[in-house]
Amino acid sequence: MKAYGNVNIVYKDVERNIFKMTELVAQKKYEEAYRIVNDLIAGGEAPHTIIATLYRFYRRMFFSVISGKSVSELTTALSVKEYAVTKSLNLAKKFKKISLKKALDLLSDAEYQIKSGKMGAHE
């Protein structure tokens with residue numbers, strides 16, 4: 001396997017774990033969700049990568065529920081597969097829109113703080 005192939009596999013694993021973690025948060029199983037984050041970090045995943053992936057995932061969920069667009073329109077607008085949009089929509093329905101917005105704002109701020117050097121990735 002080529003080196004870039006490993007990166008893709010790891011990224012898909014992070015996305016799968018982020019989805020699983022978000023499902024657990026929707027079910028209010030916070031300790032289990034926290035364990036997934038700890039496992040990702042213990043496995044060598046960079047905290048800023050986890051935050052960035054969470055941000056993209058929550059942004060997709062939030063946009064999906066507030067846009068009023070169809071699944072096919074969202075697929076085009078978000079440049080993701082139909083399966084990802086459908087999963088995002090189904091999961092987003094388990095959250096209040098305001099909760100998604102608050103989570104998105106927190107993740108956006110954390111990502112900005114890390115990228116700008118105002119906060120370390122492990123804080």
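1. The protein chain has six helices and zero strands, and from the N terminus on its elements run α-α-α-α-α-α. This is a predicted model, and the points below should be read with that in mind.

2. Of the 123 residues of the protein chain, 35% count as buried, while the accessible surface comes to about 8,100 Å², with 56% of that area belonging to carbon and sulfur atoms. When contacts between residues at least 6 apart in sequence are considered, 62% of them join residues at least 24 apart.

3. Leaving aside neighbours within four places in sequence, Tyr 58 is in contact with Thr 22, Val 25, Phe 95, Leu 100, Ala 103, Leu 104 and Leu 107.

4. For α3 and helix α6 (residues 97–115), the angle is about 150 degrees and the axes are 9 Å apart, and α3 passes α6 in a left-handed crossing. On the α3 side the contact includes Ile 51, Leu 54, Tyr 55, Tyr 58, Met 61 and Phe 62, and on the α6 side the residues include Leu 100, Ala 103, Leu 104, Leu 107 and Ile 114. By class, the contact of α3 with α6 has 15 nonpolar, two polar and four charged residues; among the residues that take part are Arg 59 of α3 and Lys 97, Lys 101 and Glu 111 of α6.

5. Thr 22, one of the contact partners of Tyr 58, is found in helix α1, residues 3–26. Thr 22 counts as buried because its relative accessibility is 0%. A polar atom of the Thr 22 side chain lies 2.8 Å from the backbone oxygen of Ile 18. Apart from neighbours within four places in sequence, Thr 22 is in contact with Leu 54, Phe 57, Tyr 58, Met 61, Leu 91 and Phe 95.

6. Ser 64 is placed in helix α3 and is buried, with a relative accessible area of 3%. Its side chain has a polar atom 2.6 Å from the backbone oxygen of Arg 60. Beyond neighbours within four places in sequence, Ser 64 is in contact with Leu 74, Leu 78, Ser 88 and Leu 89.

7. The place of Ser 79 is in the loop between α4 (71–78) and α5 (82–92), and Ser 79 is exposed, with a relative accessible area of 65%.

Terms used
Residues are numbered from 1 along each chain as its sequence is written. This is a predicted model: local features need pLDDT of at least 70, side-chain atom pairs count only at pLDDT 80 or more; totals for chains, interfaces and linings use all residues. Side-chain values use heavy atoms; hydrogens and water are left out. Contact means heavy atoms within 4.5 Å. Helices (H or I, at least four residues) and strands (E, at least two) are DSSP runs, numbered from the N terminus. Buried means under 20% relative accessible area, exposed over 50%, partly exposed in between (1.4 Å probe, protein chains only). Accessible areas come from the Shrake-Rupley method with a 1.4 Å probe; for residues, only the protein chains shown count as cover. A polar contact is a pair of N or O atoms within 3.5 Å; within protein, one must be able to donate a hydrogen and the other to accept it, and residues adjacent in sequence count only if both atoms are side-chain atoms. Axes are lines fitted to C-alpha atoms, for helices over the stretch in contact, and angles run from 0 to 180 degrees between N-to-C directions. A crossing is left-handed if the near helix is turned anticlockwise from the far one by less than a right angle, and right-handed if clockwise. Ala, Val, Leu, Ile, Met, Phe, Trp, Tyr, Cys and Pro count as nonpolar, Asp, Glu, Lys and Arg as charged, and the others, Gly among them, as polar.
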